[in-house]
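Subject: Structure for your review

Dear colleague,

Please find below the structure that I am handing over to you. My findings follow it.

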Amino acid sequence: MSKKISYDSQRQASLSQQFDHVKAMIDTESNARATEPVSLLAVSKLKPASDIQILYDHGVREFGENYVQELVEKAELLPSDIKWHFIGGLQTNKCKDLAKVPNLAYIETLDSLKKAKKLNEARGNYQPDQPAIKCDIQINTSDENQKSGLQDENEIFEMVQYLVSDENKYVTLSGLMTIGSWDVSHTEGEENKDFSTLVQWKQKIDEKFGSKVRLSMGMSADFKQAIKQGTSEVRIGTDIFGVRPPKDQAKIL
Ligand SMILES: *Cc1c(COP(=O)(O)O)cnc(C)c1O
């Protein structure tokens, strides 16, 4: 068992307060709608392990990370009952390292059948006794070339079919994820069309497969709108942890 990560009390006070503030805003928006409560995923990418330990001691158990190597290192240093969510761009050659992390609970950015099969195989080989990895299919709702995610109906249905089939017991279907376009997320007061597109995909899939997929949409800039439009989870980094350092200056310890 690794030694507990230490932290300073000033950072503890400000970070806990910031988390509570964001959580309260989300609960307020969430209570205003009729459906289930919204989960808050704390996005800790490029932030030190001590920040995660602070929120862990504050009761938080779910954290989102974008880089495989960083997630692997943090998972080794931090408590094993954390449920890690991978939310970064997924590369085929990193699927194995990711699937080896025992307490990896979710991959929210699954965007190809090839990667799904790699993950299933690696999980079965290295962590057969751990829970299956819950996968959210990333959908490119904004039609921007630089965004990853699926757009083609046949490919999306094929992926859902693979994830719900009994043969793949090490990866299972969780839901759908999208990153809304920056322009759309900064237009206040209107319905976010990227989020509407994701909701339409949910309706199509649930109808065809008899499923009840969850939705992961909304970040610091656009989470209120995502909650109004029916998300199950929002992914918040900056509003909780503050501005991130550039990648080459980020330190885990
Ligand atoms: C970084 C990131 C977030 C958090 O973004 P903030 O704007 O800092 O809240 C959420 N989702 C994904 C996919 C990210 O990469």
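Phe157 is buried, since its relative accessible area is 14% and buried means under 20%. Please note that the model is a predicted one. Phe209 has a relative accessibility of 21% and therefore counts as partly exposed.

These two residues form an aromatic pair. The ring centres of Phe157 and Phe209 are 5.9 Å apart and their planes stand at 70 degrees, so the pair is edge-to-face. Phe157 belongs to helix α6 (residues 153–164) and Phe209 to helix α8 (residues 193–209), so the pair ties together parts that are 52 residues apart in sequence. Phe209 has a further neighbour: Lys208 lies over the face of its ring, at 5.8 Å from the ring centre.

In total, the structure holds two aromatic pairs. The other one, formed by Phe63 and Trp84, is tilted, with 6.1 Å from centre to centre and 45 degrees between the planes. Because Phe63 lies in strand β2 (residues 62–65) and Trp84 in strand β3 (residues 83–86), this pair ties together parts that are 21 residues apart in sequence. Phe63 and Trp84 are both buried.

A charge over a ring is also found at Tyr67, where the charged end of Lys247 sits 4.3 Å from the ring centre.

Of its nine residues, eight are buried, so α2 is largely enclosed by the rest of the structure. The buried residues are Ala49, Ser50, Asp51, Ile52, Gln53, Ile54, Leu55 and Tyr56. Their cover includes α1, β2, α3 (68–77), β3 and α10 (238–241). After α2 comes Gly59, which has a positive phi near 110 degrees.

The packing of α2 against α1 can be described in detail. Helix α1 (residues 9–31) and helix α2 (residues 49–57) meet at an angle of about 65 degrees, and their axes are 10 Å apart. The crossing of α1 past α2 is right-handed. On the α1 side, the contact is made by Arg11, Gln12, Leu15, Ser16 and Phe19, and on the α2 side by Asp51, Ile54 and Leu55.

Yours sincerely

How values were computed. Residues numbered from 1 in each chain as written. Predicted model: local features only at pLDDT ≥ 70, side-chain atom pairs only at ≥ 80, totals over all residues. Heavy atoms only, no water. Axes fitted to C-alpha atoms, helices over the stretch in contact; angles between N-to-C directions. Helix = DSSP H or I, 4+ residues; strand = E, 2+ residues; numbered from the N terminus. Left-handed = near helix turned anticlockwise from the far one by under 90°. Contact = heavy atoms within 4.5 Å. Phe/Tyr/Trp six-rings, centres within 6.5 Å; stacked < 30°, edge-to-face > 60°. Buried < 20%, exposed > 50% of the residue type's maximum accessible area, 1.4 Å probe, protein only. Lys NZ or Arg CZ within 6 Å of the ring centre and 35° of its normal.
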